[in-house]
Amino acid sequence: MDKNSNLYTYLYASVMVVLVALALAFTNGLLKEKQKKNVELDKMAQILQSVKVESTAATAETLYNETITAAYLVDSKGVVIESDARKTFLVDVSKEVAKLAVNRRLPVYEAAVGGQKKYILPVYGTGLWGPLWGYVSLNDDKRTIFAASFSHQGETPGLGAEIAYKPFQQQFEGKSLFRKGVFTSIGVLKSGQHDDKRDAVDAISGGTITSKGLEAMLQNSLGAYNAFLNKP
Amino acid sequence: MKFNKELLLKPLSRANPVLVLVLGVCSTLAVTAQIKPALVMGISVTIVTAFSNLIVSLLRNGIPNRIRIIVQLVVVAALVIIVEQLLKAFAYDMWKSLSVFLGLIITNCILMGRLEAFALGNKPLDSFLDGLGNGLGYAIILFIVAFFRELLGSGTLFGFKVIPESVYRAGYSNNGLMILPPMALIVVGCIIWVQRSIRKDLQEK
């Protein structure tokens with residue numbers, strides 16, 4: 001058959017596409033379980049990071065099981081709607097955040113750190129180039145932040161991407177989400193700005209949009225937990 | 001089958017893809033802030049270039065001329081996706097730090113450059129060696145650039161602190177500019193400068 005004829009070209013392209021599709025599907029099928037496990041271990045590591053427990057891929061699962069004492073879902077009124085820890089862990093926060101607050105399933109993780117109880121709440125939002133997410137841990141009083149860990153998909157290295165590092169995250173320690181009993185979230189302010197009505201941290205110089213995205217993320221994600229946080 | 005050792009050695013210096021052919025410079029800027037990701041990228045590109053060279057060379061007599069580039073692209077893309085899936089399964093942290101850049105291997109000029117210039121017209125073993133040589137030449141440059149950028153920009157090598165505290169206290173501080181891509185370009189320029197001074201055969205008249 002003439003190599004450069006139309007028929008041959010069409011046949012060649014079709015066969016090639018089918019073979020490649022098969023090869024990729026086969027590879028994906030083989031590796032899917034391992035990849036899912038890795039994603040879960042990474043999520044556990046991030047949750048642990050929000051209560052200042054460092055872990056590696058090898059130690060994440062053990063440390064997670066030791067540190068996290070309970071995980072449940074609450075609704076916008078603060079009522080527990082699901083108490084299975086595994087189901088809570090598997091909830092996709094990015095999908096919940098897209099719903100109206102009244103419809104959301106809100107994961108809450110309880111941790112035992114240094115003999116004290118901490119509450120860990122997931123947050124999800126939008127940065128400049130892609131999504132932002134993270135975990136904020138609160139002390140037993142459900143008011144003060146113990147620590148926070150943040151991640152992102154594609155923020156600019158050196159600018160917006162700084163939210164993933166300790167210097168930015170450590171600012172949140174000790175800040176309160178409430179002022180005079182009312183939920184105010186945390187402000188993320190550019191240098192020179194002041195906010196008397198709520199606790200705030202410094203935004204990242206040159207990373208304004210990411211910083212504002214983070215501020216909105218905290219307001220939107222944590223605000224939904226208002227009823228839960230106010231419960232005695 | 002003859003093992004043509006010249007194909008393996010030439011791209012390491014005399015025909016280095018980054019320094020002489022000036023290919024693959026974008027990823028050289030992007031992943032060399034630290035040594036570890038640079039090495040993983042270097043190894044990934046070497047594997048993908050060698051095997052895509054091999055595959056395209058095996059197929060070279062049957063590829064219709066009109067869809068030549070597309071076929072090359074499909075081969076490279078399929079290989080890169082497989083490498084990415086393997087990393088995601090067996091080296092998750094590395095996959096996270098390389099993320100976007102892995103997919104960008106597909107657009108790395110070194111691959112398409114060698115497929116067009118060599119694999120389409122040469123035997124499989126020769127093509128495989130050529131791909132291996134060019135990948136290694138690229139990896140060496142990545143390592144050298146990352147070595148200086150990590151050392152001078154973060155004071156570490158492979159993540160381990162190598163500059164003692166006493167030097168910092170004496171007034172030295174990490175060069176933040178080294179972590180940004182423009183410095184990588186300048187480092188590559190310096191390496192080209194050094195290479196041309198040593199190798200007279202590379203100097204243009």
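This is a predicted model: local features need pLDDT of at least 70, side-chain atom pairs count only at pLDDT 80 or more; totals for chains, interfaces and linings use all residues.
For the residue classes used on this tour, Ala, Val, Leu, Ile, Met, Phe, Trp, Tyr, Cys and Pro count as nonpolar, Asp, Glu, Lys and Arg as charged, and the others, Gly among them, as polar.

**First stop: the second largest pocket**

Select Leu19(A), Val20(A), Ile55(B), Leu59(B) and Val75(B), which lie nearest the centre of the second largest pocket. This pocket has a volume of about 310 Å³, and 15 residues line it. By class, the lining has 15 nonpolar, no polar and no charged residues.

Next, display α1 (6-49) of chain A with α3 (35-59) and α4 of chain B; these are the elements that give two or more residues to the lining of the second largest pocket. The largest share, seven residues, comes from α1(A).

**Second stop: α4 and α5 of chain B**

The crossing in which α4(B) passes α5(B) is left-handed.

To see the contact itself, show the side chains of Val80(B), Glu84(B), Leu87(B), Lys88(B) and Phe90(B) on α4(B). Their partners on α5(B) are Tyr92(B), Trp95(B), Leu98(B), Ser99(B), Leu102(B) and Gly103(B). Coloured by class, this contact of α4(B) with α5(B) has seven nonpolar, two polar and two charged residues.

Technical notes. Residues are numbered from 1 along each chain as its sequence is written. Chains are lettered from A and ligands numbered from 1 in the order in which they are written. Side-chain values use heavy atoms; hydrogens and water are left out. A crossing is left-handed if the near helix is turned anticlockwise from the far one by less than a right angle, and right-handed if clockwise. Helices (H or I, at least four residues) and strands (E, at least two) are DSSP runs, numbered from the N terminus. Contact means heavy atoms within 4.5 Å. On a 1 Å grid over the protein atoms alone, a cavity is a set of points where a 1.4 Å probe fits but cannot get out, and a pocket is an open set with protein on both sides within 12 Å along at least five of seven lines; lining residues have an atom within 4 Å of a point. Grid points are joined across faces, edges and corners, and a volume is the space filled by probe spheres set on the points.
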